[in-house]
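Hi,

Here is the structure I promised to pass on.

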Amino acid sequence: LPSRPLAPDQQHRIGPTTRGVHHARAKDTHMLRRPARDLTRTFTRTFASSSSSAPRVSIERAADGVATVTLGRPEKLNSLDIDMFRAIRSAAVELAEDKGVRAVVVHGSGRAFCAGLDVKSINHPLHARANGRELLDRPDGAISNLAQDVCYLWRRVPAPVIAATHGVCLGGGFQIALGADMRIATPGCKFSLMEAKWGIIPDMGATVVLPELVPKDVATELIMTGRIFDGEEALRLGLVTRLAEEPLAEARRLASEIAARSPDSTAAVKRLLDATYCEADDRRKLHLETALQRRLLGGWNQLASAARGLGAPPLLQPSFAARSDEWLAEADAEAEAEVRAMLDGGEVEVRGDEVSEACA
């Protein structure tokens, strides 16, 4: 399906990342054309693999221009199945193209913000291969894939995005929150970049947002251990903006305060800070996330991690193998050269277990 880039006046990144980023399916395009007078819009994705027709994401617009995005899978702690990924992307695309939006609040219904990836659903034997392709493949000209869209596309909304978190905010759910401009959490909210549990890396945009928030050593410790920490520690580390017993109410209050300012000045502030806070190219970071993740997926050590993560009995848990030669200094140098070539006009393309350069 064709890509649908943002209009020039809505592309608020500066430099090479302003090229075609957004890709909405035909249904998404239809939604984007609905009249702005609707106060509430609900995205419902119905696919053959879906077990429920309930809406995954809803958007409620207030008269002051504040849009509240609700993750609507409370029975599963708003965990991410393929329909949830699609719905979050569609919501971000619509809000990015709506000039009436002054601020956005993202929160989860029920007992949690988001428990992360719905591993059982994504890895269902009948759909695992198709889901993997849809999540990791990158449409032509797009800077991010579907897995990264749920974090990265919030940065493309030319209005402040505030995540209100409670309960748990884990793995992919945490990366969604990190994609917001601000985060308000309950003191007891549980956070984790828990991909290490599955023998993989955070590949949903964390490499773009973490350097803006924490030093490298802090990010390294959190990613390598995958440990769980609470809102109090998240505030000390700089991963949340403030704490509140009622984060949704506080996020809406803050959003309304900002919505009362000039929408042009708030869009300009967001563009300025996103473009200057970190100089490294987003394209390089996002493409490298995917390339490295593909190398890990399906390997012996990743499968061993998954077996432990799924709670296999100790006697049935495979031992880890020695580290692959892919991480030797020579392989590192080759991978770095490929990434540099990509920055000079090529693009990282993965074929089998290798990363090669494909000229754009």
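Predicted model: local features only at pLDDT ≥ 70, side-chain atom pairs only at ≥ 80, totals over all residues.

**The core.** The largest nonpolar core has 59 residues. I88, V104, W154, F191 and L239 are the ones with the most contacts inside it. Helix α2 gives the most to this core, namely 10 residues. Another core, of 13 residues, lies apart from it, and I162, A164, A251 and A259 are among its members. If you click on I88, look for its contacts with V57, L71, L80, V150, W154 and I176, which leave aside neighbours within four places in sequence.

**Charged pairs.** Side chains of opposite charge can pair when their charged atoms come close. There are 16 salt bridges in the structure, and a few may be worth a look:

- R61 pairs with E94, with 3.2 Å between the closest N and O atoms. R61 sits in strand β2 (residues 57-61) and E94 in helix α2, so this pair ties together parts that are 33 residues apart in sequence. Both R61 and E94 are buried.
- R155 and E212 form a salt bridge at 2.8 Å, N to O. R155 is in the loop between α5 (146-152) and β5 (161-165), while E212 is in helix α7 (residues 206-213), so the two tie together parts that are 57 residues apart in sequence. R155 is buried, with a relative accessible area of 3%, whereas E212 is partly exposed at 21%.
- E233 and R227 meet at 2.5 Å, N to O, in another salt bridge. E233 counts as buried because its relative accessible area, 18%, is under the 20% cut-off. R227 has 27% and is partly exposed.
- R56, R73, D81 and D118 are linked in a network of salt bridges.

**N78.** This residue lies in the loop between β3 (66-71) and α2 (82-96). N78 is buried, with a relative accessible area of 0%. What does the side chain of N78 reach at 2.9 Å? That is the backbone oxygen of A112, and the side chain of N78 also reaches the backbone oxygen of F113, at 3.3 Å. Leaving aside neighbours within four places in sequence, the contacts of N78 include L71, R73, M84 and C114.

**The surface.** V269, L272, L273 and Y277 make a nonpolar surface patch of about 390 Å². Y277 belongs to the loop between α11 (263-276) and α12 (282-296), and Y277 is exposed, at 54% relative accessibility.

Happy to talk any of this through.

Best wishes

Terms used: Residues numbered from 1 in each chain as written. Heavy atoms only, no water. Helix = DSSP H or I, 4+ residues; strand = E, 2+ residues; numbered from the N terminus. Buried < 20%, exposed > 50% of the residue type's maximum accessible area, 1.4 Å probe, protein only. Polar contact = N/O pair within 3.5 Å; in protein donor to acceptor, adjacent residues only side chain to side chain. Contact = heavy atoms within 4.5 Å. Patch = residues over 30% accessible without salt bridge, like charges linked within 9 Å, V, L, I, M, F, W, Y side chains within 5 Å. Areas by Shrake-Rupley, 256 points an atom, 1.4 Å probe, with all protein chains shown as cover. Salt bridge = Lys/Arg side-chain N within 4 Å of Asp/Glu carboxyl O. Core = buried A, V, L, I, M, F, W, Y, C linked by side-chain atoms within 4.5 Å.
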